Amino acid sequence: MRVLVTGGAGFIGSHVVESLSQAGHDVRVLDLSPWPGSDPPAPVSLRGDVRDPDAVDRALVGVDAVCHQAAKVGLGLDLGDAPDYVSHNDLGTAVLLAAMGRAGVGRLVLASSMVVYGEGLGTCAEHGEVVPGPRPVRALAAGRFEPPCPVCGQDVTPGRITEEAAPDPRNVYAATKLAQEHLAAAWARSTGGVATALRYHNVYGPRMPLDTPYAGVAAIFRSALRAGRAPRVFEDGGQRRDFVHVRDVATANVAALGREGEGLRAYNVATGTPHTVGDMAAALAAAHAGPAPTVTGEYRLGDVRHITASADRLATELGWRPRIRFAAGMAEFAGNVERAGV
Ligand SMILES: NC(=O)c1ccc[n+]([C@@H]2O[C@H](COP(=O)([O-])OP(=O)(O)OC[C@H]3O[C@@H](n4cnc5c(N)ncnc54)[C@H](O)[C@@H]3O)[C@@H](O)[C@H]2O)c1
Ligand SMILES: [Zn+2]
């Protein structure tokens, strides 16, 4: 297939480009930014904005499917940034979908996110499966980090979220990612197209951006270690996440392109094996032979305590399996080995 990857010059997009090319697809890129360096070699690329209908029309010539990775990424905590998030992410998606309608392109893979879920599921000893609410400031200030049961206030134990969970976006960025899914579903209904939303969990690996305000925590820890400092772990380090390697995310895109069916269907892209943020800091510190992590007890309002996911749907329906194990992926990310084994 000829596949257009929007945002293909970005961290995840560039790996998606590599995987699609390896799978024999003819890949095109539309991105505001240039391709990152000469290794791997640059694909056929168009510098342009997904919000520009002319640029998108040009990029779609001869294309059979689109992998839509372009987005403004981050926390979206500052409301002043809201128009910019909505513009890149939702106006951009709407312009792209309208152009796909004009060009008769009927396949879309959308880079969605775990942030559509809000807090992960929890199990209360007394009340079973519950959705914990935001954590009260006074609990956080007192070092009580586990989210409370919304009924009785006891700590809940984390559960793995499935795609059936009700969405609960908690910031502007999250709201724009969920809106992208809704727009894609509307496009699929009205055109008969196939849309597959991939809800990426915590993606890490080569070419991950460093030291931006939005960089993932793995990149922040690595930068500290490279500067000879201990990684600073917030809360008590017990926050659970699903860390998924960027090359595994790329192969999930290849698998999603071949999905049969209709309408929009969402999939978690996760390993199914959670790790704590403290584990990750320790793995990176060990790989660097650097100072052990410092657990600071600091917290940020709006941070979610645990989000861990079931990856069963992607495995059973699309045959995808993550190949890169946590220890190998983190060692590679730390910069000590060239490439983690698959
Ligand atoms: N990094 C993560 O852990 C993560 C997790 C969940 C979802 N995602 C999603 O994955 C996708 C890729 O994210 P990333 O981490 O690679 O970010 P990134 O910033 O490295 O890549 C995004 C790319 O999109 C391009 N872009 C942004 N706005 C554009 C526009 N209007 N027109 C054309 N190009 C535009 C940027 O130039 C950049 O190259 C995004 O949709 C993001 O929401 C990322
Ligand atoms: Zn309870």
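A: Let's begin with one strand pair. In this predicted model, strand S6 (residues 122–124) pairs with S8 in the antiparallel sense, over two bridges.

Q: Which residue in S8 is the bridge partner of threonine 123?
A: Threonine 157 is the bridge partner of threonine 123.

Q: What sheet are those strands in, and what's the order?
A: An open sheet of three strands, ordered S7-S6-S8, with antiparallel pairing.

Q: Which strands stand at the edges there?
A: Strand S7 (128–130) and strand S8 (157–158). Each has a single partner strand, so one side of each has no neighbour in the sheet.

Q: Now the seven-stranded sheet. What's the order?
A: The order is S3-S2-S1-S4-S5-S10-S15; this sheet is open and its pairing is parallel. Strand S3 (44–47) and strand S15 (263–269) are the edges, and because each has a single partner strand, one side of each is left without a neighbour in the sheet. From one strand to the next, the twist averages 20°.

Q: How many bridges join S1 and S4?
A: Four bridges, in the parallel sense, between strand S1 (residues 2–6) and strand S4 (residues 65–68). Valine 5 stands opposite cysteine 67 in S4.

Q: Which strands does H3 lie across?
A: S1, S4 and strand S5 (107–113). H3 runs at about 175° to S4. Helix H7 (residues 246–257) also packs on the sheet, where it touches S1, S4, S5, strand S10 (194–200) and S15. The direction of H7 makes about 160° with that of S10.

Q: Back to H3. What span should its 22 residues have?
A: Helix H3 (residues 82–103) should span 32 Å, because each residue counts for 1.5 Å. Its end C-alpha atoms are 30 Å apart, which agrees.

Q: Where does H3 bend?
A: At leucine 91, by about 25°.

Q: And what follows H3?
A: Glycine 104, with a positive phi near 70°.

Q: How many of them are nonpolar, polar and charged?
A: The contact of H6 with H8 has nine nonpolar residues, one polar and two charged.

Key: Residues numbered from 1 in each chain as written. Chains lettered and ligands numbered in written order. Predicted model: local features only at pLDDT ≥ 70, side-chain atom pairs only at ≥ 80, totals over all residues. Heavy atoms only, no water. Nonpolar A, V, L, I, M, F, W, Y, C, P; charged D, E, K, R; others polar. Expected span 1.5 Å × (residues − 1). Bend = angle between axes of the 7 residues up to and from the residue. Pairing = 2+ DSSP bridges. Axes fitted to C-alpha atoms, helices over the stretch in contact; angles between N-to-C directions. Contact = heavy atoms within 4.5 Å.
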